[in-house]
Structures are given as structure tokens and as C-alpha cells.
Amino acid sequence: MRDRTPHRTPHRTPHPTTTLLATVAALAALLLALAPPAAAKTAAGFQGAVRSQTNEVRSDRDLPRLGKQACVQRFAARQARRMAKKERIYHQDLGKVLESCSLSLAGENVAYGYSSASAVMDAWMDSPGHRANIVKKRYRLLGVGARKSESGTWYLAQVFGRK
């Protein structure tokens, strides 16, 4: 026969270790939330994170995601490599990109000195010209290059395009 008396769990004071662990876990979560974005460790990781965040920005604005194309990617990687080697920032001749990749439209964002995709994306989005490239409706392709100079500074290039 089933007992119809409500079961009551006696009140227990948590063990001090349990309370300490809960406090440490809460503090760790808070510190992770406040921590600066993780620094890029590899060029491929940096490039992938910039590509992903660029497409997130576009998706948030109901714009088409930017696809990969080998030619556009080569120009972005080459530009990042050249800037890192010279340790200076500059734009490449987009006429060559248009012709070599058979594009009807091309654009570029360049940057240096940022150690995470979030940091460079924040800077580009705070700049009207760079933001315009990222959210331009007509672009369909994106190449991203990232290269560290001998002094340890990251150089980045985004090359946008449309066939």
C-alpha cells in the first residue's frame, strides 16, 4: 500500500566545501565573461574566426553569407603576407583582383596590431568605410588573410568580391 503522507526532506546546511566550490565556480564564470577575447594562435584560426564573425554580422542584417573562392582567398593571404613582411599596412591594386578572379566588383579591408578576430571586427565595424565593405549587399565572396610579422604583430586583409 502506498503511503499518502507527503515526504519531507529534512533541511540540511550545505557542507562548507560545497559552498566554496559553488562560489569558485561562480567567480570563474564571471571572470571568463569579463576576459578579453582570446588571442589568435594561428593564421588559419584567425582567418576562420574573422570569416565566421563577418558572416554573423551579415546574417544579423539579413544579408547573404559570403562564400569562399580560391582566387579571392589567395589575394587576401598574399596581401597579409606582404604587409607582415614589410611591417606596414597598405591596400593592394584591386584591378588585379578583378581581372585575375574574373570579378565584377571587389573591395578590401586591411588592419594590423589586433590580436583577436573580435578586436579587429569591432574596429572595422566602428569605421564607416570598413563597415560598408562588410555589409555591402552586392558582395558574395570573401577571402581572409592573417599573417604575423617577425616582430609578432598580426596583419590582416579581407578581400570581398562578386562574379
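Predicted model: local features only at pLDDT ≥ 70, side-chain atom pairs only at ≥ 80, totals over all residues.

Guide: Let's start at S102, a residue in the loop that joins α4 (94-100) to β1 (105-112). Helices (H or I, at least four residues) and strands (E, at least two) are DSSP runs, numbered from the N terminus. Residue numbers count from 1 along each chain as its sequence is written.

S102 has a positive phi, near 55 degrees, although it is not a glycine. Beyond this loop comes β1. Seven of its eight residues are buried, so β1 is largely enclosed by the rest of the structure. Buried means under 20% relative accessible area, exposed over 50%, and partly exposed in between, with a 1.4 Å probe and protein chains only. β1 runs antiparallel to β3 (154-162), paired over eight bridges; for DSSP strands, pairing takes at least two bridges. One of these bridges joins N109 to Q158 of β3.

Setting aside residues within four places in sequence, V50 is in contact (heavy atoms within 4.5 Å) with A117, V120, M121, W124, V144, L156 and Q158. V50 belongs to the largest nonpolar core, which has 20 residues; F46, V50, V120, W124, I134 and L156 touch the most other members. Such a core is a set of buried Ala, Val, Leu, Ile, Met, Phe, Trp, Tyr and Cys residues joined through side-chain atoms within 4.5 Å. At least two of its residues come from each of α2, β1, α5 (117-126), β2 (141-148) and β3, with α5 giving the most, five.

In α2, the buried residues are F46, Q47, V50, R51, T54, N55, V57 and R58. They cover an arc of only 160 degrees around the axis, so they sit on the same side of α2; the arc is that of the directions from the helix axis to the C-beta atoms. These buried residues pack against α3, α5, α6 (128-134), β2 and β3. The face turned away from them carries exposed A44 and D60.

Our last stop is D62, which follows α2 and has a positive phi, near 55 degrees. D62 is in the loop between α2 and α3 (70-86), and with a relative accessible area of 74% it is exposed.

Notes. Heavy atoms only, no water.
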